[in-house]
Amino acid sequence: MGQNYFNSLPFRRQLQELATCRFMDAEEFANGCNYAKDKKIVIVGCGAQGLNQGLNMRDSGLDVSYTLRKEAIEQKRQSWQNATDNGFSVGAYEEMLPSADIVMNLAPDKQHTDVVNTVVPLMKKGATFCYAHGFNIVEEGTKIREDLTVIMVAPKCPGSEVREEYKRGFGVPTLIAVHGENDPNGDGLEIAKALCSAQGGDRAGVLESSFIAEVKSDLMGEQTILCGMLQAGSLLCFDKMVAAGIDAPYAVKLIQKGWEVITESLKHGGITLMMDRLSNPAKFKAFALAEELKDILEPLFEKHMDDILSGDFSRTMMEDWANDDKKLLTWREETGKTAFEQTEGAGEISEQEFYDKGILMVAMVKAGVELAFEVMVSAGIEPESAYYESLHETPLIANTIARKKLYEMNRIISDTAEYGCYLFSHACVPLLKDFMAGVDTDVIGKGLDVKDTYVDNQILVVINADIRSHLIEEVGEHLRAAMQGMKAIV
Ligand SMILES: NC(=O)C1=CN([C@@H]2O[C@H](COP(=O)(O)OP(=O)(O)OC[C@H]3O[C@@H](n4cnc5c(N)ncnc54)[C@H](OP(=O)(O)O)[C@@H]3O)[C@@H](O)[C@H]2O)C=CC1
Ligand SMILES: CC[C@](O)(C(C)=O)C(=O)O
Ligand SMILES: [Mg+2]
Ligand SMILES: [Mg+2]
């Protein structure tokens with residue numbers, strides 16, 4: 001393992017790399033995936049991203065096959081089954097790699113050094129090596145053979161949703177980048193654009209980014225609002241409702257499906273629309289709760305960003321890799337044993353009821369999305385990137401919880417994201433103890449008991465203006481204008 005690449009750069013370069021972000025015009029994708037059409041694409045690994053990116057690229061007309069470790073093929077492991085059940089050809093490294101034009105490294109981040117050591121030496125001169133997340137280059141400082149082009153195509157979303165959105169005729173926002181030290185033929189960007197288009201990314205929005213900007217924003221989003229906040233929020237809201245006598249299966253249903261329902265409006269119309277789905281009295285409550293949550297949680301969000309930027313987060317997680325994932329596996333087991341995870345959800349809940357009875361969840365989403373966005377932007381990440389990484393992706397993670405609660409979310413996201421999710425959640429739950437003691441079932445579980453929905457007009461004007469004038473709403477309006485194909489899923 002090399003030295004942390006980000007930390008090795010002069011401060012001025014660090015700032016430049018963090019701020020690398022260009023929203024790409026639809027016309028830049030006029031050629032679709034043609035540039036990759038005559039190329040042989042071999043994917044290493046067939047898990048969450050590997051399988052789903054491969055399916056999309058094949059449906060877009062590209063030549064996709066897989067290479068797996070010898071043991072995976074011999075033992076017919078899940079990865080082998082994923083590929084063969086879907087009719088892909090699969091072969092050992094020696095068979096597949098020497099003729100590949102593009103090799104996509106879609107193994108877990110903790111295995112990337114091993115992949116680089118075993119896969120890269122078999123690649124032909126002048127081929128392309130592609131990542132879906134820049135951790136190995138940025139945090140481990142890995143250097144790749146100079147004759148190879150090194151690119152990144154990073155969908156801002158779990159692998160399962162990369163596929164689901166593509167099947168709906170849409171896609172997921174994607175960050176693409178070329179590693180400046182590995183672009184010998186000067187066509188890295190063309191290749192990245194073609195792969196991104198084949199996955200459906202250009203239908204949702206593409207940023208020309210850098211490995212550094214992607215890594216630092218991706219880690220921040222997944223640890224805080226995307227996974228950590230949804231995990232902490234689920235556990236806290238469930239315990240609150242059950243302690244107050246609400247039927248446990250109903251409480252599970254309200255939370256499990258609730259994140260998906262309330263964040264659907266977030267995806268289509270930003271925080272403004274999500275808050276507008278509440279009655280005026282409920283909006284007053286959610287607004288006040290979100291302000292309180294932001295005050296309490298801001299230092300925690302900042303700590304995560306600081307640890308990500310300094311390299312402390314990656315250093316300590318890599319210590320766990322070296323310790324056979326002891327912390328990750330313990331935390332995973334503990335999560336599985338929580339009452340929320342152990343209880344089956346039940347009960348009929350209408351779409352509007354999720355808002356009316358989940359006011360606190362709306363406040364948590366508002367606070368978490370805004371804080372993640374604000375802290376990323378304050379650290380030098382551009383607003384477009386921060387928007388995709390906080391607001392747009394939250395519903396895509398919520399979709400996984402709606403299927404099988406936290407188990408499904410943590411199984412589908414990367415191990416890197418899962419580790420960071422537990423880290424945040426373990427700090428967040430105790431931090432919100434007093435706050436949770438002060439809220440009641442009117443904001444989570446039962447809804448407001450209001451016969452009269454009177455609110456003060458002047459306060460409503462101030463609240464609406466505050467919501468609408470946030471930078472995330474301005475950026476969101478612009479980015480959503482390019483999302484013509486977005487489909488309603490709730
Ligand atoms: N999970 C997600 O949704 C997202 C992931 N990413 C990024 O995508 C990449 C892939 O992550 P993800 O899809 O979660 O990974 P998974 O954990 O789902 O990938 C497992 C696959 O990798 C293979 N694999 C494991 N170790 C090795 C190894 N040493 N050499 C070769 N193959 C190996 C496994 O095969 P075997 O049967 O041999 O074990 C299996 O096919 C990561 O960089 C991640 O950060 C980016 C966005 C979202
Ligand atoms: C949710 C986190 C993520 O970055 C992702 C799905 O985008 C991951 O690493 O899994
Ligand atoms: Mg991500
Ligand atoms: Mg990630």
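These notes walk through a helix pair and a ligand site in a predicted model.

1. A word on conventions. Residues are numbered from 1 along each chain as its sequence is written, and chains are lettered from A and ligands numbered from 1 in the order in which they are written. Because the model is predicted, local features need pLDDT of at least 70 and side-chain atom pairs count only at pLDDT 80 or more, while totals for chains, interfaces and linings use all residues.

2. Start with helix H11 (residues 211-243) and helix H20 (residues 415-431), whose axes come within 7 Å and cross at roughly 50°. Helices here are DSSP runs of H or I with at least four residues, strands are E runs of at least two, and both are numbered from the N terminus. Axes are lines fitted to C-alpha atoms, for helices over the stretch in contact, with angles from 0 to 180 degrees between N-to-C directions.

3. Next, see which residues meet (C-beta atoms, placed from the backbone, within 7 Å). From H11 they include Leu 219, Cys 227 and Leu 235, and from H20 they include Ala 417, Phe 424 and Val 429.

4. Now turn to ligand 1, which 29 residues surround, the closest being Gly 45, Gly 47, Ala 72, Ser 79 and His 133. A residue counts as near if its C-beta atom, placed from the backbone, lies within 6 Å.

5. Helix H3 (48-59), helix H7 (112-118) and strand E7 (149-155) each supply at least two residues of this shell around ligand 1. H3 gives the most, with 3 residues.

6. Finally, domain 1 (22-208) and domain 2 (213-481) each contribute at least three residues to the shell around ligand 1; the domain bounds come from an automatic or database domain assignment.

Notes: Contact = placed C-beta atoms within 7 Å.
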